[in-house]
Amino acid sequence: MDGIDPDFEGRVLVVANRLPMTIKPKDDGEFEYSISSGGLVAGMKGLAKVVDFKWFGWPGIEVHRNDKDKVRLHLADNFNAVPIFLSNDLAEKHYNGFSNSILWPLLHRMPEKAGSETDWSKAYQEVNEIFADNILPYVEDNDMIWVHDYHLLLLPGILRDRLKKKKNLKIGFFLHTPFPTEDYFTILPFREEICKSLLMCDVVGFHTNQYAKDFLDSARIVLPGVARSPMDLHWAGRRVLVHGFPLGIEADEWREKLETEAAQSELASIQQQFKGQKILLGVDRLDYIKGIPQKLQAFDRFLTEHPEWVGKVVLIQLAIPTRADVDTYRVLREEVEQLVGRVNGKHATFKYTPVHYLYRSIKPDLLSALYAAADVCVISSVRDGLNLVSYEYVACQGKKKGVMMMSNYVGAMKTLPPSSMVVFNPWDTLRFAEKINQALNMGEEEREKRYKEIMKIVDTWTSAKWGKIFLETMMEGEIPKNVGMPDRDPLEEWQSDVPDSETGKVEP
Ligand code: ADP
Ligand code: G6P
């Protein structure tokens, strides 16, 4: 893919709480650098194909002052990244506290999972300020600053305020989670400040147009004087483009990964171990948004209702450790592990274990082999911004042409063709169980047809394309006609959602 507009004279600065690598101290006083997991980091790898960018983020641990230069140098030389150091106490309140115990559950419409401590809000503000302090010395005229995700919602506003003297500075924001409807958004602390900050951007992007629409609605309710036309907002003399820009993956890279010797050897050993059995696969961070208990309950129900499958199908559930210091995540782990024990206790025999549960992070070659070996991928999230695992599964299914089972509540339902997936409601255990039966019994011809339809989208709407379109929208100040998928242009979907009275351009 070509790079971004060659006439662009500035530089791209990407800011996200999570750096592409996570740092751990080793016994010998050195540091170990491993790839961070999650859709944000995976998506940004595609951006690197179209533009060089500097990445600012938190290294994930407190680094002693004597080691800071060493870490800084290593990140600059190897990853073109700039660490933003935070004390343990501040990071705990910002990351585990405000970001992951308040914002994350509310953005996913789960207020019952939210907690609150008085000093989390202060820490959130302080960390957003610290990010700004660290970025300012790097910014020059004509630069584009692209801020990512819910940990840094106040940052665009702070940067705009402190960088008034820079010429032609563009600021963009992309949210990797859903945006809630206004009744959930208005529960949020800082809701006014969040809207004001995002309105200091040139472009605000979401995975789907539905989330963009929900943001526009919330902004109008929270901030008097906000006017809206189909794709932009006008406020205090500013025009802000707001739209869905669905992320994607680099499918070629997954196919290449799968062809490596390491992946092929993993694949052969999985096929040998599960010979004569079908494989259902779940790959999720161990997060309550992912609907892992619902998946286990449906699998249990399926085996109960369809005893003919006992011994002939397994569920491999990979649970990637995440945010383990947050209480709700600890509770979820206990719940999931109890359920795994219960399902296995109920249906296992000496020769057969129905659920294979792995609580760990695995290497990409093993992941690609698991994707390739699975007959069905089960995405059971009760809310999910987009879900890249579904894309990665399809990319690795060139030979098998397996079935994609997709919960109704996932952003990818708006980007991948629903008619090519087995769609279900994760809360309806009985029907979910029947959908598993349907997926397992699907004939080859039907699977092939569906695979091709999904693959066409996965191959076209890559993460490189996503990054290029977003940056070009910032540069040009206009949203290109088709930004999401060839068959269902979200722009059309969007316009049909807006009442006639609102489709005319509104003057600021
Ligand atoms: P989320 O962003 O909520 O975690 P996604 O499905 O969008 O959900 O993205 C998960 C990403 O994490 C995928 O790209 C997947 O390949 C990646 N991933 C899974 N396991 C690992 C791992 N062990 N190390 C690094 N990335 C991983
Ligand atoms: C989601 C969020 C990302 C986050 C990722 C992994 O994809 O949108 O911002 O990086 O999960 O979570 P973590 O807490 O490990 O960064």
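User: Start with ligand 2. How far is its oxygen atom from an N or O atom in the side chain of Asp149?

Analyst: That gap is 2.5 Å. It counts as a polar contact, meaning a pair of N or O atoms within 3.5 Å (within protein, one must be able to donate a hydrogen and the other to accept it, and sequence neighbours count only through side-chain atoms on both sides). One caution: this is a predicted model, where local features need pLDDT of at least 70 and side-chain atom pairs pLDDT 80 or more, while totals for chains, interfaces and linings use all residues. Residues are numbered from 1 along each chain, chains are lettered from A and ligands numbered from 1 in written order, and side-chain values use heavy atoms, without hydrogens or water.

User: What do Arg18 and Arg323 do at ligand 2?

Analyst: A polar side-chain atom of Arg18 sits 2.8 Å from an oxygen atom of ligand 2. For Arg323, a polar side-chain atom is also 2.8 Å from an oxygen atom of the ligand.

User: How much of ligand 2 does the protein bury?

Analyst: Alone, ligand 2 exposes 380 Å², and the protein buries 92% of that. Those areas come from the Shrake-Rupley method with a 1.4 Å probe.

User: Which elements give two or more residues to its shell?

Analyst: Those are α1 and α3 (88-107). Helices are DSSP runs of H or I with at least four residues, strands are E runs of at least two, and both are numbered from the N terminus.

User: And which residues are around ligand 2?

Analyst: Among them are Ser37, Gly39, Leu40, Tyr95, Trp104, His151, His176 and Arg285. Being near takes a heavy atom within 4 Å. By class, the shell has 3 nonpolar, 4 polar and 4 charged residues. Here Ala, Val, Leu, Ile, Met, Phe, Trp, Tyr, Cys and Pro are nonpolar, Asp, Glu, Lys and Arg are charged, and the others, including Gly, are polar.

User: OK, ligand 1. Which residues come nearest?

Analyst: Gly39, Arg285, Lys290, Ser361 and Glu392, out of 16 around ligand 1. Gly39 and Arg285 are also listed around ligand 2.

User: What distances go with Gly39 and Arg285?

Analyst: An oxygen atom of ligand 1 is 2.6 Å from a polar backbone atom of Gly39. With Arg285, an N or O atom of the side chain is 2.6 Å from an oxygen atom of ligand 1.

User: What about a nitrogen atom of ligand 1?

Analyst: Ile362 has a backbone N or O atom 3.0 Å from a nitrogen atom of ligand 1. On its own this ligand exposes 570 Å², of which the protein buries 87%.

User: Which elements give the shell of ligand 1 two or more residues?

Analyst: α1 and α14 (388-395) do. α14 gives the most, with 3 residues.

User: How does that shell divide by class?

Analyst: Into 7 nonpolar, 6 polar and 3 charged residues.

User: Zooming out, how many helices and strands are there?

Analyst: The protein chain has 18 helices and 17 strands.

User: And what does its C-alpha trace span?

Analyst: About 70 × 65 × 45 Å along the principal axes. The radius of gyration is 23 Å, which agrees with the value near 23 Å for a compact globule of 508 residues. That radius is taken over C-alpha atoms, and the globule rule is 2.2 Å times the number of residues to the power 0.38.
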